[in-house]
Amino acid sequence: MNNDQIAKSLEQLADLLEFAGSNPFRLRAYRNGARVIRDLPQSVASLIESESDLTKLDGIGKGVAEKCHELVASGRLSQMDEILETVPKTVLDLLNVPGLGPKKAATLYNELNIENLDMLKAACEANQVQTLPKFGAKTEQTILDGIAIAAASNERILWATADKLVTRLREHMVGCKAIERLEFAGSYRRGKETVGDLDLLVDSTDAETVMDHFGEFPEISSVIARGETKMSVRLEDEFQVDLRVVPAESFGAALQYFTGSKDHNVQVRGRAKKKGLRINEWGVFKTEENGQPIENTDQQPSIAGKTEQDVYASLGLPWFEPELREARREFELAETDSLTPLIQREDMQGDLHMHTVATDGKNTIEEMAAAAKERGLKYIAITDHSKRVTMANGLNSDRLLAQWKAIDDFNAGSNDDFVVLKGIECDILENGDMDLPDKVLAQGDWIIASLHYGQKQPRDQITDRILGAIANPHVCMIAHPTGRLINKREPYDVDMDAVFQAAAEHGKFLELNANPRRLDLHDAHLAAAKQLGIPIVINTDAHKVAGLDDIRFGIKQARRGGLAAADVANTRSWSEMKSLIGKR
Ligand code: DGT
Ligand code: CA
Ligand code: CA
Ligand code: ZN
């Protein structure tokens, strides 16, 4: 069992126990343990194998350590199995509905026998849910609205989660000598924020050996189908992986075909047809010769197929970055020769959103600065929470000014060009005011505004709050502008057109928050912002040193929005960037 699987089991156990009405103190230990294990650099299984004492790890107590031992030894938790004798596992899906905690879910199960999302939907539609104590018509509607997001989280995993699985699969497949080349195609390769299944493509002349080896991947729970060159498996967490083995001369055609998207490929096929060509996963074939149709096109030799470049070139098209293949603007850009190189991680010079131990972060200013420097950055902004965010021990004016003094001292004492900027993630209060006074904000270098409370307010109110912050002369950027959490929480009801317009008018920046659960703004918003010339800032919102590496998720999303380095403000030096703030 890997760390993610152990963490997930612990979380499920906590959810089931809470559902069953158990002591919340105990549950917190499991949930904290799960978080620690997910972030652990070493594998729990190998620590156990080398007889290390798990309780020496921060945040892991005796109870959690015992569960880890049980999971690694048997792959199961007997306590969970016991609960699942009386409660169906599908009740866990109910907990994915935003606003539906274990207590409410238990009420639904006990009073209405609701066991899964379909039953929940039916009960809401029959207005049975609103009759329960503490529910009401409004709650019922909220639940009904949230069922779709809960269903999606069952079917699609975060790109970052898929990426970890890809790493483990690659490690496993490397051991197979029959493989010449291996690529993951599909939505994973296109960098889509969530992935429905993985499409693994292998260049080999020995499909049997490749499939045998693939079948030994330890996370597989069942083989769905196995043919001569195709195999589909289900993993223990229900996730599906499709394997296809193709010969070298078709590898490019297959990679192009299985990378998709479907809409992109519809366009590609259309273009082929117009040129008297037929394209499929085996290659590109002529269907006409001198204006005359050719019979048995399958028997024709393919004119391209070894590489994707050849395939596109045979249709008179340039090679497209996978992130662009969504049938949005890529063909139009290709026709006018305006495909520009997309942004890369190496383009980034600064990270302008991160937290420290002063609020809910795990590292100090010095540690964050050293880690950013190690990663090749030239500047960072420290942007802890403001006081309204009590949960995170947000800063009041006095604490903030003291932190800024410490930052001045840090910069004065440093002997290189790296700069730490005096920042704050200032809350936009429910009434639209900024959480800290202007005279304080005026003393900082980089003021972020963001909204953490009153997220359910009506559209006009939320929009006005954000527009008000954009108009504040001290504010530089709006962080995570829509507030969505992928598969967990819908965006706020906000008029994004108005936000774009205001940002353009006041010369303010909008964030692309690189946290893989946020990726906010999303790809289509980024494309819209680019068209309007609004500078995007890609930030990690790191709460610890390792969080700085999340930048790559932001880069992926930015590429899907078609952004070049020039579209992203923090690819510039801080002095260049500063001169852009407030410029219309
Ligand atoms: P996903 O898995 O839902 O996140 O999205 P994709 O894009 O990975 O979709 P998937 O796994 O169904 O198929 C991978 C690619 O293979 C898809 O983007 C295009 C291609 N493909 C699959 N099935 C078909 C099909 O029936 N017709 C066409 N034209 N292409 C297909
Ligand atoms: Ca797929
Ligand atoms: Ca697939
Ligand atoms: Zn933040």
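**Exercise 1. The contact of domain 1 and domain 2**

How many residue pairs are in polar contact between domain 1 and domain 2? Describe the contact between these two domains.

*Solution.* This is a predicted model, in which local features need pLDDT of at least 70, side-chain atom pairs count only at pLDDT 80 or more, and totals for chains, interfaces and linings use all residues. Residues are numbered from 1 along each chain as its sequence is written, chains are lettered from A and ligands numbered from 1 in the order in which they are written, and side-chain values use heavy atoms, with hydrogens and water left out.

Step 1. The count is two residue pairs, both at pLDDT 80 or more. A polar contact is a pair of N or O atoms within 3.5 Å; within protein, one must be able to donate a hydrogen and the other to accept it, and residues adjacent in sequence count only if both atoms are side-chain atoms.

Step 2. Locate the domains. The assignment gives domain 1 (3-155), domain 2 (157-246), domain 3 (251-335) and domain 4 (345-580); such bounds come from an automatic or database domain assignment. The C-alpha centres of domain 1 and domain 2 are 28 Å apart. Five residues from domain 1 and eight residues from domain 2 make up the contact, where contact means heavy atoms within 4.5 Å.

Step 3. Take the area. About 400 Å² is buried between domain 1 and domain 2, and carbon and sulfur atoms give 27% of this. Buried area is the accessible area (1.4 Å probe) that two parts lose on being put together, summed over both. On the side of domain 1, Asp-4, Gln-5 and Glu-155 lose the most area, together 78% of what that side buries.

Step 4. Look for charge pairs. The rule finds one salt bridge across this interface, a salt bridge being a side-chain nitrogen of Lys or Arg within 4 Å of a carboxyl oxygen of Asp or Glu. The side chains of Asp-4 and Lys-164 meet in a salt bridge, at 3.4 Å from N to O.

Step 5. Helix α1 (residues 3-19) gives the most to the side of domain 1 that touches domain 2, with three residues. Helices (H or I, at least four residues) and strands (E, at least two) are DSSP runs, numbered from the N terminus.

**Exercise 2. Helix α21**

Which residues of helix α21 (residues 496-506) are buried? Describe the cover and the ends of the helix.

*Solution.* Step 1. Met-496, Ala-498, Val-499, Phe-500, Ala-502 and Ala-503 are buried. Buried means under 20% relative accessible area, exposed over 50%, and partly exposed in between (1.4 Å probe, protein chains only).

Step 1. The cover over these buried residues includes α20 (459-471), β17 (509-513) and α22 (523-531).

Step 2. At the N-terminal end, Asp-495 caps α21, with a side-chain oxygen 3.2 Å from the backbone nitrogen of Asp-497. Just after α21, Gly-507 has a positive phi of about 65 degrees.

**Exercise 3. Salt bridges along the chain**

How many salt bridges does the structure hold?

*Solution.* Step 1. The structure holds 37 salt bridges.

Step 1. Glu-321 and Arg-559 form a salt bridge, with their closest N and O atoms 2.9 Å apart. Glu-321 is in the loop between α15 (308-314) and α16 (330-335), and Arg-559 is in helix α23 (residues 551-560), 238 residues apart. Glu-321 is partly exposed, at 24%, and Arg-559 is buried, at 11%.

Step 2. Glu-430 meets Arg-388 in a salt bridge at 2.8 Å, N to O. The pair ties together parts that are 42 residues apart in sequence.

Step 3. A network of salt bridges links Arg-190, Glu-326, Arg-328, Asp-523 and Arg-560.
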